[in-house]
Amino acid sequence: MSDNLSNLFSMPNGHAVDIKSLDRLNISQFQETVMNGIGQGLRISAMFAHPVSSDGLRIWAILTHDRQSLVVPVYTDLKTRCYPSLTPQCPQVQGFEREMFEQWALRPEGHPWLKPLRFHDAYGNTGLSKSCQSPVMGVTDFFRVAGEDVHEVAVGPVHAGIIEPGHFRFQCHGETVLHLEIALGYQHRGVERHLIGGPNSRTIHYMETLAGDTTIGHATSYCQAIESLSGARPSLRALALRGVALELERIANHVGDLGALSGDVGFLPTMSYCGRIRGDVLNISALICGNRFGRGLICPGGVAFDMDGQRASELRRRLDDVEADLNSAIDLLWKTSSVMARFEGTGALSRDLCDQSGLVGPVARASGIERDIRQDFPLGIFQYTQIPICTGDSGDVFARAYVRWLEIQRSIMFIREQIGTLPDGNSVQPAADLLSDHLTVSLTEGWRGEICHVALTDDQGRFRHYKIVDPSFHNWIGLAMALRGQQISDFPLCNKSFNLSYCGHDL
Amino acid sequence: MICERGLEVGGQRSDFEDSDKKGDESMLDVLLARIQQKHRTISYPKAPAPKLPDRYVGLPVIRQENCLPGCRLCTDVCPTHAIFRDPNLRLDLGRCILCRKCEKSCLKGCIQFGSDYRMSVRRREHLYMDGQAIQLAESLDAAGKRLFGRSLKLREVCAGGCNACEADINVLGTVGWDLGRFGIQFVASPRHADGLLITGPVTVNMKEALLKTYAATPSPKLVIVAGACAISGGIYAGHEMVCDGATGLLPVDLFIPGCPPHPVTILDGLLRLLGRIR
């Protein structure tokens, strides 16, 4: 790193640092550091505020350097409730600045899109009267296009399918979408506030249900954070089993989405097959731990269930069946011109836009960005084995679908390899107390992309603050941008190619 | 161009068969895939339910007789206060997330989670377990069965659900379970529905939408709640931003516990409600 960044403290993924050893920057140094980092290709994995005194707030930015596998935590303390917004120069912070504004009435001056993110009351005393604070769910100043023949379409929060709630507001000219605005917050359960003071008996269950389809991803991030704060070192065997569970989660969700994409273009064979095969993959997770979503499997210090030889061979047998069924089901997609005609060129995102917006996961990879925590910030089993990264370049529905199909195949190979060579070791190592006054950053490549957990402990070793950034938090803006200039009838298809989490965003 | 480790691995349009010219072959591929995929719809309920994994966590059984007076090991570890004394040991299946912490903490084996997937009941109080057999859901009365017994259209409302309950409800619509063969279908509008299936702890931000959806459903109508969250708030019970489930907001006709309930638990509940199994 060059410029002032080289003087800053940096650390690998899953490490803890004494907060007192970090330099406090003033707001202009802080913002300069962030912008310097962005200029050098770093990303913002998390940005959040928490109170440090009766009237002061501390703002953290967690910068990540993909090429050097380094995490750079920087902070500043603010006595005032406003600062100059970075969003106009750095669009990827738009969500974070809105979040801090909503939570702490911390106003980013000059933010072009300062609207509620989750529609809840501000935390603590903001100095505003109650009536100014309380937002009404879904009532906001939606962007509108005026003019002859322009019309507006509103969808949600209750959708036609069995999916989570959110509100979509389309500005259309005929069939063409000029602009899509997505209003979320319906799923807000107030998780982060209830993590403060933990860990306690509910903590792991919160993690497992932040986004229920990413139980393993979030639980892994959490446990890595706990382990870095307590010095617990899970055995290689436990790490391998975590990796197997993480990749099973990826396969199950990718398969389900490929089936749903197929259904959205009216190609029923692959839809029907994938719906069932997804269930078979979930049942492999249940073979390991009894639960189809992997509940109860990941625990601080390792995994709660071991794998005996008989179970391993049953797992391999089922994985072979899944692979054979998938090859026949998915291959149909690429061979059917009516499917390809709908997939290709639909909802394309440019690489530049993905970079500027800080998009992650298969969405970014489909636009040609080689970004994957398993390669860039390897932790756990991924320190000892590699999964090739798959990228596309067209950034459309086809690329997102095809990248996912390649990821499924690589994950199957990975699982087979791991199960065939499971190291010895205890499944779980006891965890000790957490270090006091430390900060840790734990990144995991969930099936939607980068999961970032940041834990800060107080002088008692309890959580002073716990920040969760689901990949959906970065990627929802990508969906909105992908719809520009598209036919409104392609919305379900685009939406499914992202398949973002509502509750993961709303927390 | 699709790349792996930076090397092109295919994915150009020209890499795929030009099926415009080979329409017949494409059709053949579809038929071959159909043969590979076989017929997979389960025979349940005519045949026994699909075999559940050996580590599956099902209905808990309480054994009062061994319980030590004054012991609080299980009540202290329960994340949702599902297990308590009044003064006998009781377990509220509506709050239980089946995490087994109580079972592991107990020195006397008073709580044991079995492999029985049948858990759905008609009344909230039937979810309180104290050692008696669970009173599984009874069917609707004759008028209800006449109305809904052969055709039940449901509108699903996710109100803060984490997408696990939702996913396992969706599974019932796949070819493996084929919910349609029972005349049960999920419809896009409450106007077309005979009732609601609710998941999630009902967030404050979804309360109005849920109540409006209920109001938009023509009477007579059913309300079914699936999952610990929708019954009691689950692990989110007591949060400022949730309403502790739908139970206090709407008249509930069927409670399906679990976190999330296994698809067979949901199907068992629905079929019991319609009098298709007893």
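Mentor: Asp280(A) is partly exposed, as its relative accessible area is 26%. Keep in mind as we go that this is a predicted model. The partner of Asp280(A) is Arg276(A), and their closest N and O atoms are 2.8 Å apart, forming a salt bridge. Arg276(A) has a relative accessibility of 7%, so this residue counts as buried. Both residues belong to helix 8 of chain A, which spans residues 268-289, and they sit 4 residues apart, about one turn of the helix. In general, side chains of opposite charge can pair when their charged atoms come close.

Now set that pair beside others. Over all chains, a search of the whole structure finds 48 salt bridges. One of them joins Asp77(A) to Arg24(A), with 3.1 Å from N to O. Here Asp77(A) lies in strand 5 (residues 70-78) of chain A and Arg24(A) in strand 2 (residues 24-25) of chain A, so the bridge ties together parts 53 residues apart in sequence. Asp77(A) is partly exposed at 25% relative accessibility, while Arg24(A) is exposed at 54%.

Arg72(B) is exposed, with a relative accessible area of 51%, and Asp76(B) is partly exposed at 48%. Finally, salt bridges can share partners: Glu247(A), Arg250(A), Arg365(A), Asp372(A), Arg374(A), Glu407(A) and Glu445(A) are joined into one network in this way.

Definitions and conventions:
Residues are numbered from 1 along each chain as its sequence is written. Chains are lettered from A and ligands numbered from 1 in the order in which they are written. This is a predicted model: local features need pLDDT of at least 70, side-chain atom pairs count only at pLDDT 80 or more; totals for chains, interfaces and linings use all residues. Side-chain values use heavy atoms; hydrogens and water are left out. A salt bridge is a side-chain nitrogen of Lys or Arg within 4 Å of a carboxyl oxygen of Asp or Glu. Helices (H or I, at least four residues) and strands (E, at least two) are DSSP runs, numbered from the N terminus. Buried means under 20% relative accessible area, exposed over 50%, partly exposed in between (1.4 Å probe, protein chains only).
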